[in-house]
Amino acid sequence: MGTSVAGRTGAMALYQGMVDHGLIVPAGPPGVFARGNGFEQVLERFNALVSRISHDDRAEVYTFPPVIDRHVIERVRYMETFPQLCGAVCSFVGGEREARELAARVGAGQPWNDLLGETDVVLNPAACYPLYPCLEGVVPAAGRLVTMVNWVFRHEPSPVPSRMQSFRVREFVRVGSAAQAVDWRERWVERSIALMRSLGLRARCEVASDPFFGRVGKVLAAGQEEAGLKLEVVVPITSDDEPTAVCSLNLHDTHFAETFGIRTHDGGHAHTACVGFGLERVVMALLSEHGFDPARWPRAIRECLAL
Ligand code: ZN
């Protein structure tokens, strides 16, 4: 099977291998770990490579914090469709008496979350969400293109290293006419497959759906698949898993534009599309394919990443 240096192994072996090589450092809960310097260097070089191949698109660059306005996820109806993934930020808002009870409960090892109150922020659950409120108004005829690296939270505790609770996504959002959105995504399908293959990863594109909650969610997922709204570029990360998505390419029709008042120059609702690379997953796919020591990766891969 190819030229794998590490000999692609199971999820647990990948996790342990990354720990043994100082690439990640366990930090408590499943899906939460520190990234060592070696891991981070590959991640940064891959992110820079994405910047290079998209340089001529001249995307605007935004930087967001890892929390977003609670109202944003309310307006996109996240709590109806993905309540199981949400991480809301709570804080202590009581007085002296409640503070004493809180301290006593923490000291006694008892649950204490019910003593906290709501704040106006939640952990950002999707890389492109923070942008949409910023796009309100009329977009120019050429449309807009914005790129970001965002921390994303998903409440999916798992020992599988590629399924993290908190991770980074290099995201692009295209806003404009229907044709602009569709054409732009189409170009990225080819670009992202070529990018992964240039790094020695066996990539292919699949129609996918989001992990909608519950019985209604199954219907939503089926509709999404039928319309081909969500595509994923998948690569093998471990031998005991199906290939894992490292890039997702989504058409939103006018969903976000209607919610956040984003219009085209001719007065209609804009169409939006997004492309996001799961940065940690790309690093893990590379480690799994080429071995735990990036200094010994094939020269062509190192040159491609400017390592
Ligand atoms: Zn997105």
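Reply: In this predicted model, the zinc ion is coordinated by C128 (SG), E171 (OE) and C274 (SG), at 2.1 to 2.3 Å. Donors here are N, O and S atoms within 2.8 Å of the metal (3.2 Å for Na, K and Ca), and sites may look incomplete because water is not among the atoms. Local features need pLDDT of at least 70 and side-chain atom pairs count only at pLDDT 80 or more, while totals for chains, interfaces and linings use all residues. Residues are numbered from 1 along each chain as its sequence is written, and side-chain values use heavy atoms, with hydrogens and water left out.

Along the sequence, the donor residues follow the spacing C-x42-E-x102-C. C128 lies in the loop between β6 and β7 (137-138), whereas E171 belongs to strand β9 (residues 166-176); this pair, 43 residues apart, links distant parts of the chain. Strands are DSSP runs (E, at least two residues), numbered from the N terminus. C128 counts as buried, at 5% relative accessibility, and E171 is buried with a relative accessible area of 4%; buried means under 20% relative accessible area (1.4 Å probe, protein chains only).

Strand β6 (residues 117-123) is joined to β5 by 3 bridges, and the two run antiparallel. Two strands pair if DSSP finds at least two bridges between them.

Notes:
Helix = DSSP H or I, 4+ residues; strand = E, 2+ residues; numbered from the N terminus. Buried < 20%, exposed > 50% of the residue type's maximum accessible area, 1.4 Å probe, protein only.
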